Amino acid sequence: MVLNSPRGTADLYGKELTYRNFILEKSKKLFNRFCYDPIVTPAFEHTEVFSRSIGQATDIVQKEMYTFYDKKQRSLTLRPEGTAGVVRAVVENKLYAQNLPIKLFYAGNMFRYERPQKGRMREFFQLGAEAIGSANPLMDAEMIWLISDLFSSLGFKDLVLLINSMGCTLCRKSYTQKFQEFLHHHQEKLCPECRHRLDTNPLRVFDCKRQSCRHAIEDSPKISQHLCSSCRDHFEKVRRYIKILGINCQIDHSLVRGFDYYSRTVFEVVSTALDSAQNALGGGGRYDDLVKQFGGPDLPAIGFAIGLDRTSLLMQQLGIKPSASRELKSLYLISMDQQYSEYLLELLQFFRKECICDTNFNIKNISKELKWAQKHHYDFVAIIGEEEFKNCRVSIKDMQKFKQHAFDWKNEKDTILALLRGN
RNA sequence: GUGAGAAUAGCUCAGCUGGUAGAGCACAGGAUUGUGGUUCCUGGGGCCGCGGGUUCGAAUCCCGUUUCUCACCCCA
């Protein structure tokens, strides 16, 4: 039976997993410093959790969800994104009944039924943060600060941060009308798809990559110039705050994100270097109406998510190495004969309390073993051969210094420890 | 969902207009019976993605299928 993993999924191991764990560990430390608590929510939810929050008209809900019925005929859906589930959990567990805002972070697998390509899988991994219960523009600034710090702590230097405001329900509505009118006047310049969008979801015309459409909307009214006074004030403050934080960003009037629940501040981190059409590494925004929609109190909120797959891909492409913070020394224990196994076990137990340690489970000649140990950058090699076994000794070789010394196993444990600790 | 290309050893790939399946790296053994980046010798490994067709004969040509890649779409 020959089976491969389903389309758009992948097994993760080795180098790839090293990168992902590095990203996860770095971000956990960062979230901790910013006082965000971890949350784990289910990988699947009732279908309405997503269909109602993300928006019926969006592509994700229309054709990209893994929806299935369980044995009791409940319609369930594998999560296509993280925010909806977290908001549902916050409402269900009444987590808002505490000092607000509540600040959470998560990491997990997400699922979208799409045509796979580089940086876009059907099962993919995101990590993200949500802050629920504050409308303060400082909150927006903190989110942008987080996402920007996250990437710089991973070693990225030249990423572009795009920012825009989509306004609140009120000003977006009046703006959308103006924009729609504008589009009607320039209908003939738009591609067929955009002509269709014009009626269903006019803001999505901004996402069109066709030169002709981009050109057509060049002189269109910009949303950031049609905000109501309170949204304009909010957006100005956000921009001032992130400037104070020393974070570079570009205002992108055409940045309109794909979920219906976004309002006011939206932002995205893109790479011009990522060798792929999928160049958005992360993004997020405010969703001031979503908690209420889920039956909770009227709480403003903001969040973001980053794609682990793409981030890892770009790190590898740019040659950014996960900085190996290996505090412990490593030792390779070589036994020359199976007969020494009991002695070896005793030593292995001792070494593993002190350092990273492996042993040769299959007996080979010592030359090969040393070559292997060197190639794998072991700091030390310990050898049990006939001499050592008979006299209850162990030879320890410092691989960098090319120095070797035989220790008395019974009486020189402290000396061995001192050597391993580099004293 | 639309369009294009690809699939051969663990990895990277060669294999011409059909005629016995190849290299480098990796792995294993040896030169060197207990000592380090080199070198040399030897070896194991393959339903040539899967299924069908054409043919005396298919890795090679044709069709289908699956997966991957790229672009569109969309998004992280």
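**Entry 1: cysteines**

My cut-offs: buried is under 20% relative accessible area, exposed is over 50%, and partly exposed lies in between, with a 1.4 Å probe and protein chains only.

A note on what I am looking at: this is a predicted model, where local features need pLDDT of at least 70, side-chain atom pairs count only at pLDDT 80 or more, and totals for chains, interfaces and linings use all residues. Residues are numbered from 1 along each chain as its sequence is written, chains are lettered from A and ligands numbered from 1 in the order in which they are written, and side-chain values use heavy atoms, leaving out hydrogens and water.

Cys-249 is partly exposed, with a relative accessible area of 28%.

**Entry 2: strand S6**

I moved on to S6, residues 123-132. Strands here are DSSP runs (E, at least two residues), numbered from the N terminus. S6 is mostly covered, with nine of its ten residues buried.

Which strands pair with S6? I count a pair if DSSP finds at least two bridges between the strands. S5 (residues 102-111) is joined to S6 by ten bridges, and the two run antiparallel. Within that pairing I see Phe-105 opposite Ala-129 of S6. S11 (residues 301-307) is joined to S6 by seven bridges, also antiparallel. There, Ala-131 faces Ile-302 of S11.

**Entry 3: strand S14**

Last, I turned to S14, residues 380-384. Five of its five residues are buried, so S14 is largely enclosed by the rest of the structure. Side chains in a regular strand alternate between the two faces of the sheet. In S14, I find Phe-380, Ala-382 and Ile-384 pointing one way, with Val-381 and Ile-383 pointing the other.

For its pairings, I noted five bridges to S12 (residues 330-335), running parallel; there Tyr-332 has Val-381 of S14 as its bridge partner. Four bridges join S14 to S15 (residues 393-398), running antiparallel, and Ile-383 is partnered by Ser-395 of S15.
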